[in-house]
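Take a look at the fold below.

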Amino acid sequence: MSASGEDSHDLPHDMSNLSDSAQTGATSSEGAAASEKKKYGCSHYERRCAYVSPCCSKVYPCRICHDDNEKHKINRHAVSEIICLVCDTRQPVNRNCASCGVEFGKYYCPICRLFDDRDKRQFHCDQCGICRVDGRENFFHCPTCDICLCINLKNSHKCVEKVTHANCSVCLEDLHTSRESLSVLSCGHITHRKCFRNLLRFGIYACPLCCQTMVDMNSAWQSLDGEVANTPMPDEYKHVRATILCRDCHKISSVPFHVVGLKCPTCGSYNTCRESSAHRVEFDEDDLPASASGSHGQMSSSDESSSSGGWNSSDSDTSSYASSSSMQQNDDHL
């Protein structure tokens, strides 16, 4: 598929058209003029050079093309040689060709070895260690989260230490160097935006990591209030209470037991679960009806271990995902 070796630099067969002008033997001035008329590069970047991979000595237009065709990943920072696609000269990494003088890309980062003719408002973040897009003025680097975030989140987001130095909790792909758009959840955790939308599409409104609700659920809680009011419990359950932990406000409370859901009295959320250290239900024997005599603690095992249900319905309005804040992408986002 591609050649290896010190002096060999054939491109992969499906990318061979990238260096057509180099094969014609054009002069330096002719090559420079031709480069202004012809687009070079690949589907990921427009550039007039190709990498000589330091790991396998194969030549690829960019690191993404390399990673898509090889079983190993390239270290972009270790690239030391490139090949001009205009005059076919192999040379050290630089902004301009040492032979024909052509500029390899309007944007050039000597740290990331990044060349690109497309204007994506790229900038290099020294703290992140990679290049990002959409303009430095629109983002700030959070030292705790260790990621570039939208400027409107500067004083409003919840910090989670090195939150993107991990894989997405949905697709398990790396977050810090992801080429996909990311969403910052209200709990501070981060997922790919497409993964976030898929969770909502399948009726999952709680963060996969901490179980806190990801969107405004007030309308869903109001709907459950109506269901609880219209679904009276049998007499033997009317005085049963349960100890719950709210996943949204993290408060522990004792509330009336109901099969529809257990509502947190502090924040009004139904995103609750039975507190693990208290499995017994509480009875007020003086108030128990005669029919419930001798039935202490005879709830089924499924009732005893159940979490609050009913709020995780796919019928809720999924358009609320728009309220989740987006964050910066890296240089590869197209």
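In which order do the three strands of the open sheet lie? The order is E14-E13-E15, and the pairing is antiparallel. This is a predicted model, where local features need pLDDT of at least 70, side-chain atom pairs count only at pLDDT 80 or more, and totals for chains, interfaces and linings use all residues. Residues are numbered from 1 along each chain as its sequence is written, and side-chain values use heavy atoms, with hydrogens and water left out.

Strand E14 (252-256) and strand E15 (272-274) are the edge strands of this sheet, each pairing on one side only. On average, neighbouring strands are turned by 45 degrees against each other, direction ignored. Such angles run from 0 to 180 degrees between N-to-C directions, with axes as lines fitted to C-alpha atoms, for helices over the stretch in contact. Strand E13 (residues 241-246) pairs with E15 in the antiparallel sense over three bridges. Two strands pair if DSSP finds at least two bridges between them. Cys246 stands opposite Thr272 in E15.

Now the whole chain. The protein has six helices and 16 strands. Both are DSSP runs numbered from the N terminus: helices are H or I with at least four residues, strands E with at least two. Of the 334 residues, 46% are buried. Buried means under 20% relative accessible area, exposed over 50%, partly exposed in between (1.4 Å probe, protein chains only). Take the contacts between residues at least 6 apart in sequence: 49% join residues at least 24 apart. A contact means heavy atoms within 4.5 Å.

Next, the hairpin. E9 and strand E10 (residues 147-150) pair in the antiparallel sense over four bridges. Cys142 has Ile147 in E10 as its bridge partner. Four residues separate the two strands of this hairpin, and Asp146 in the turn has a positive phi of about 60 degrees.

A pair of aromatic rings is described by the distance of the centres and the angle of the planes. Rings of Phe, Tyr and Trp (its six-membered ring) pair if their centres lie within 6.5 Å; planes under 30 degrees apart count as stacked, over 60 as edge-to-face and the rest as tilted. The count comes to five aromatic pairs. One of them is Phe104 with Phe115, edge-to-face, at 5.8 Å centre to centre and 90 degrees between the planes. Phe104 lies in the loop between strand E4 (90-92) and strand E5 (107-109), while Phe115 lies in strand E6 (residues 114-116), 11 residues apart. Phe104 and Phe115 are buried. Phe123 and Phe139 form a stacked pair, 6.5 Å centre to centre with 25 degrees between the planes. Phe123 counts as buried because its relative accessibility is 6%. Phe139 is at 13%, so Phe139 counts as buried. Phe104, Tyr108 and Phe115 form one aromatic cluster.

Finally, helix H4 (residues 193-201). Which residues of H4 are buried? They are Cys195, Phe196, Leu199 and Leu200. Seen down the axis of H4, these buried residues fall within an arc of 140 degrees, so they line one face of the helix. The arc is that of the directions from the helix axis to the C-beta atoms. Strand E11 (182-184) and strand E12 (190-192) are among what covers these residues. Just after H4, Gly203 takes a positive phi of about 80 degrees.
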